[in-house]
Amino acid sequence: MGDYVQSVELGVSQQKGVNVTQPKVWLKNEFVRVGLAESLCTYVMMVFGLGSVAQVVTGEGAFGQYLSINLGFALGVAMGVHVGGKVSGAHMNAAVSFTMCTYGRLAWKMLPVYVFAQLLGSFLAAGTIYAVYYEAIHDYCGGNLTVTGVKATAGIFATYPAPYLSLLAGFFDQVCGTAMLLLCLMALSDQRNKPAAAGSEPLAVGLLVLLIGISLGSNSGYAINPTRDIAPRVFTAIAGWGADVFRSGNGWWWVPLVAPPIGGVLGAGIYKVFVEMHHQPVSGQGGQLVEELQEENTPLEKQKYISSGNVCV
């Protein structure tokens, strides 16, 4: 609240012509600023998402159902975009970052920064939810932390396949889900098509995640995000669930790590080939072409801000 009042006073003083001191910029290094913002927005998204799962599982249906988890992750994504959208682009997903690099919308040298920040945010979020629901988890499972079975709790933190799902089918499931995610994200940020209205991007991306959850989520929990899955999985291995988190599901752990980047590049590529590459030039007065702003197509080091269109879970 103090910062808000200070900013209001600053604006009033400027309107009155009074000289004021500009707020001090603490961090000027682009790598650090982007990394901190990406870590925080990923943390916010994951706390709300994992928290919704923990509440449904430990409450045994009394505090929500599958739709609650879909809403938790969707709204968590929306809040994450608000937190870091104008600084890092709020990717919150290594598949998104990898796809942006593949199509020249993000400098490759920034990829390690994004991936590390997303891993850190996801790991810390898993630790936070474990601490918040520690007693609830142990009361639910009787202190026996298991990956499979009636009282399994590892699924609170990472995704696992349904009993009927093969690795091949699960791989396709993750490719397809992530492809739909990136295809629609490309559409939402395409200024020459029907993009999300200015200011509504967080809500639009959140609704997209909700849509994927309620349509493509039952097979394996729609990870569609390598960093969202592997960091909490490592946390559970350390926290007491052990190596079973990597053995379960016929060694499922590598599928949400490998398939989403492939799906992301595929989905974004499909949108470009079917739609973006065929946009007709827009003529302005005098027959001259009107140049559109497409910040997301500019490497990070040349941007003042990252485009809010390059966002995801």
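**Close-up views: salt bridges and positive phi angles**

View 1. The model is predicted: local features need pLDDT of at least 70, side-chain atom pairs count only at pLDDT 80 or more, and totals for chains, interfaces and linings use all residues. Residues are numbered from 1 along each chain as its sequence is written, and side-chain values use heavy atoms, leaving out hydrogens and water. Helices are DSSP runs (H or I, at least four residues), numbered from the N terminus. D244 is partly exposed at 35% relative accessible area. R247 is exposed at 55%. Cut-offs are under 20% for buried, over 50% for exposed, and partly exposed in between (1.4 Å probe, protein chains only).

**View 2. E276 pairs with R105 and with K272.** The E276–R105 salt bridge spans 3.1 Å, N to O. It links distant parts of the chain, 171 residues apart. E276 lies in the segment after α11 (255-274), R105 in the loop between α4 and α5 (111-132). Both are buried. K272 approaches E276 to 2.7 Å between the closest N and O atoms. K272 is also buried. Shared partners join R105, K272 and E276 into one network.

**View 3. E60 has a positive phi of about 50 degrees.** E60 lies in the loop between α2 (30-58) and α3 (66-84). E60 is exposed, at 59% relative accessible area.

Methods: Helix = DSSP H or I, 4+ residues; strand = E, 2+ residues; numbered from the N terminus. Salt bridge = Lys/Arg side-chain N within 4 Å of Asp/Glu carboxyl O.
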